[in-house]
Amino acid sequence: MSSTVKELACISSDLILHSDEVTVTEDNINTLIKAGSVNVEPFWPDLFAKALDNVNTGSLICSVGAGGPAPAAGAAPAEEESGSKERIRG
């Protein structure tokens, strides 16, 4: 089984625990992984539990993809603006 599947099993466990408002611990992650019949090395649940110990999963979910405000309607991309300025100068 690839490490990506193992990581996804731990991430999914974190999301389930967060959704159920249960504390993310190594034991809770292991319980869900076993219930899903996924075999992972023992270090994965411990690694994720420690990495997510002081992380607010809800805030993390809400901030994904938040790259700043959207450009105003009708605003030209920066590349086009610089190109038009060069033509005016030259």
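Which pattern does the protein follow, read along the sequence? The pattern is α-α-α-α-α.

**Figure 1. Overview of the predicted model, with five helices and zero strands.** This is a predicted model in which local features need pLDDT of at least 70 and side-chain atom pairs count only at pLDDT 80 or more, while totals for chains, interfaces and linings use all residues. Residues are numbered from 1 along each chain as its sequence is written, and side-chain values use heavy atoms, with hydrogens and water left out. Helices (H or I, at least four residues) and strands (E, at least two) are DSSP runs, numbered from the N terminus. Of the 90 residues in the protein, 19% are buried; buried means under 20% relative accessible area, exposed over 50%, and partly exposed in between (1.4 Å probe, protein chains only). Among contacts with a separation of 6 or more, 51% join residues 24 or more positions apart, where contact means heavy atoms within 4.5 Å.

**Figure 2. Close-up of helices α1 and α2, whose axes come within 9 Å.** Two packed helices are described by the angle between their axes and the distance between the axes. Here the axes cross at roughly 110°. Axes are lines fitted to C-alpha atoms, for helices over the stretch in contact, and angles run from 0 to 180 degrees between N-to-C directions. α1 and α2 are therefore roughly perpendicular to each other; angles under 35 degrees count as roughly parallel, over 145 as roughly antiparallel, 65 to 115 as roughly perpendicular and the rest as oblique. The crossing of α1 with α2 is right-handed. A crossing is left-handed if the near helix is turned anticlockwise from the far one by less than a right angle, and right-handed if clockwise. On the α1 side, Ala9, Cys10, Ser13, Ile16 and Leu17 meet Asn28, Ile29, Leu32 and Ile33 of α2. By class, this contact of α1 with α2 has seven nonpolar, two polar and no charged residues. Ala, Val, Leu, Ile, Met, Phe, Trp, Tyr, Cys and Pro count as nonpolar, Asp, Glu, Lys and Arg as charged, and the others, Gly among them, as polar.

**Figure 3. Close-up of helix α2 (residues 26-35) against helix α3 (residues 43-51).** The two axes come within 8 Å and cross at roughly 130°, so α2 and α3 are oblique to each other. Their crossing is right-handed. Glu26, Ile29, Asn30 and Ile33 of α2 make the contact with Pro45, Asp46, Phe48 and Ala49 of α3. Five nonpolar, one polar and two charged residues form this contact of α2 with α3.

**Figure 4. Close-up of helix α1 (residues 3-19) and α3, with axes within 10 Å.** The crossing angle is roughly 50°, and α1 and α3 are therefore oblique to each other. The crossing of α1 and α3 is right-handed. From α1, the contact takes in Ser3, Lys6, Glu7, Cys10 and Ile11; from α3, Trp44, Pro45 and Phe48. These residues of α1 and α3 divide into five nonpolar, one polar and two charged.

**Figure 5. Close-up of the two salt bridges in the structure.** Side chains of opposite charge can pair when their charged atoms come close. A salt bridge is a side-chain nitrogen of Lys or Arg within 4 Å of a carboxyl oxygen of Asp or Glu. Glu41 and Lys6 form a salt bridge at 2.9 Å, N to O. Glu41 lies in the loop between α2 and α3 and Lys6 in helix α1, so the pair ties together parts that are 35 residues apart in sequence. Glu41 is partly exposed at 30% relative accessible area, whereas Lys6 is buried at 10%. In the salt bridge of Asp46 with Lys50, the closest N and O atoms are 3.4 Å apart. Asp46 and Lys50 are four residues apart in helix α3, and are therefore separated by about one helical turn. Asp46 is partly exposed at 25% relative accessibility, and Lys50 is exposed at 61%.

Figure 6. Thr57 is buried, with 8% relative accessibility. Leaving aside neighbours within four places in sequence, Thr57 is in contact with Asp14, Leu15 and His18.

Figure 7. Ser37 is exposed, with a relative accessible area of 63%. The C-alpha atoms of Ser37 and Ala9 are 10.0 Å apart, and the two residues are 28 residues apart along the chain.
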